[in-house]
Amino acid sequence: MSERRRHRLRLEISREASRLFWEHGVAATSGDRIAEAVGLSTRTIWRHFRSKESCAEPIVIKGVAWETSALRSWPRHLSLDDHLAAEAVRYESAADALEHADTLLAIKMIRLADHEPLIRTAWLMACDHVEREMTTIIAKRLGLPADDFAVRLYGAAASAALRVVNEELGAAALRGVVPEGFEDDVIRRLARAVRDATGGAIGDAIGDAIGDAIAPADAELRTQQVPVNSIAPCRHQLPRHPPERCGGQVAHPGRSEPVGGAGSSG
């Protein structure tokens with residue numbers, strides 16, 4: 001099996017598993033049930049995933065892939081706010097229905113992670129992936145090595161701040177309390193989270209468009225600024241709908257709905 005086919009198959013399994021986790025709860029969802037939903041054998045499920053809860057990982061990781069990709073292209077002459085706003089528009093024009101559905105599933109899994117420890121493991125693994133990517137991006141932007149202490153602190157602080165922001169924004173979206181102008185506010189909140197987490201050292205524009213073209217050839221020009229991450233496409237198109245139900249219960253933050261404890265594999 002090619003790597004591309006393997007990746008596609010894991011994502012298909014993850015979609016169905018995440019849907020079942022959200023609709024029925026983790027405890028009520030077995031490996032056999034996931035296999036039946038995908039149309040595969042249970043043995044095939046275990047060939048690709050170490051446990052039923054780990055089936056959520058691909059969809060959650062996909063939720064952060066857009067942000068890391070956008071941050072790699074963050075030009076020096078734009079502020080983080082302006083760049084994320086532009087990338088959000090670009091994403092919206094290119095994303096199809098399946099992409100939006102995957103984004104919503106990622107939000108649901110992050111929400112479910114509040115009271116399902118093994119699902120939270122998948123979310124924290126995605127956050128660790130983002131932090132590592134961010135550290136690399138920061139290092140290149142600053143012209144410093146990736147293991148520089150300040151670079152690592154910036155990456156860790158910004159990633160943690162954005163994790164909290166996205167958890168709160170996702171919870172608001174699933175409650176159906178997204179106000180007018182919320183998309184623009186999401187961009188501002190994300191950028192502010194990065195600035196606050198790094199003491200204002202990161203987020204503003206530096207240089208100009210001409211400098212962007214020259215900077216890659218001269219590491220000394222990259223002396224400031226670092227980027228940041230988010231989960232799901234900047235949450236710029238968060239779903240506006242009534243409160244979702246998770247495992248038969250309405251999902252509200254601050255409440256511990258009994259959706260079922262994390263079951264054992266299979």
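## A guided tour of the helices

Begin at helix α1, where Glu12, Ile13, Glu16, Ala17, Arg19, Leu20, Phe21 and His24 meet Arg33, Ile34, Ala37 and Val38 of α2. The model on display is predicted. To see the two elements whole, select residues 3–24 for α1 and residues 31–38 for α2; their axes lie 9 Å apart and pack at an angle of about 125°. That angle makes α1 oblique to α2. The crossing of this pair is right-handed.

**Second stop: α4 and α7**

Next, select residues 57–72, which form helix α4, together with residues 117–142, which form helix α7. The axes of these two helices come within 9 Å of each other and cross at roughly 15°. An angle of that value makes α4 roughly parallel to α7, since angles under 35 degrees are classed in this way. The crossing is right-handed. To display the contact from the α4 side, show Glu57, Val60, Ile61, Val64, Thr68, Leu71 and Arg72.

Keep α7 in view and move to Ala113, which is found in the loop between α6 (97–112) and α7. Is Ala113 buried or exposed? Its relative accessibility is 2%, and Ala113 therefore counts as buried, the limit being under 20%. Show the side chains around Ala113: leaving aside residues up to four places away in sequence, this residue touches Ile119, Arg120 and Trp123. For a distance to display in the viewer, pick the C-alpha atoms of Ala113 and Leu124, which are separated by 9.3 Å and stand 11 residues apart along the chain.

**Last stop: α5**

Finally, select residues 80–94, the 15 residues of helix α5. From its first C-alpha to its last, α5 reaches 21 Å, close to the 21 Å expected at 1.5 Å a residue. Which residues of α5 are buried? Colour Leu80, His83, Leu84, Glu87, Ala88 and Tyr91 to see them. These residues lie on the same side of α5, because they cover an arc of only 135° around the axis.

Terms used: Residues numbered from 1 in each chain as written. Predicted model: local features only at pLDDT ≥ 70, side-chain atom pairs only at ≥ 80, totals over all residues. Heavy atoms only, no water. Helix = DSSP H or I, 4+ residues; strand = E, 2+ residues; numbered from the N terminus. Expected span 1.5 Å × (residues − 1). Buried < 20%, exposed > 50% of the residue type's maximum accessible area, 1.4 Å probe, protein only. Arc of directions from axis to C-beta. Axes fitted to C-alpha atoms, helices over the stretch in contact; angles between N-to-C directions. Parallel < 35°, antiparallel > 145°, perpendicular 65-115°, else oblique. Left-handed = near helix turned anticlockwise from the far one by under 90°. Contact = heavy atoms within 4.5 Å.
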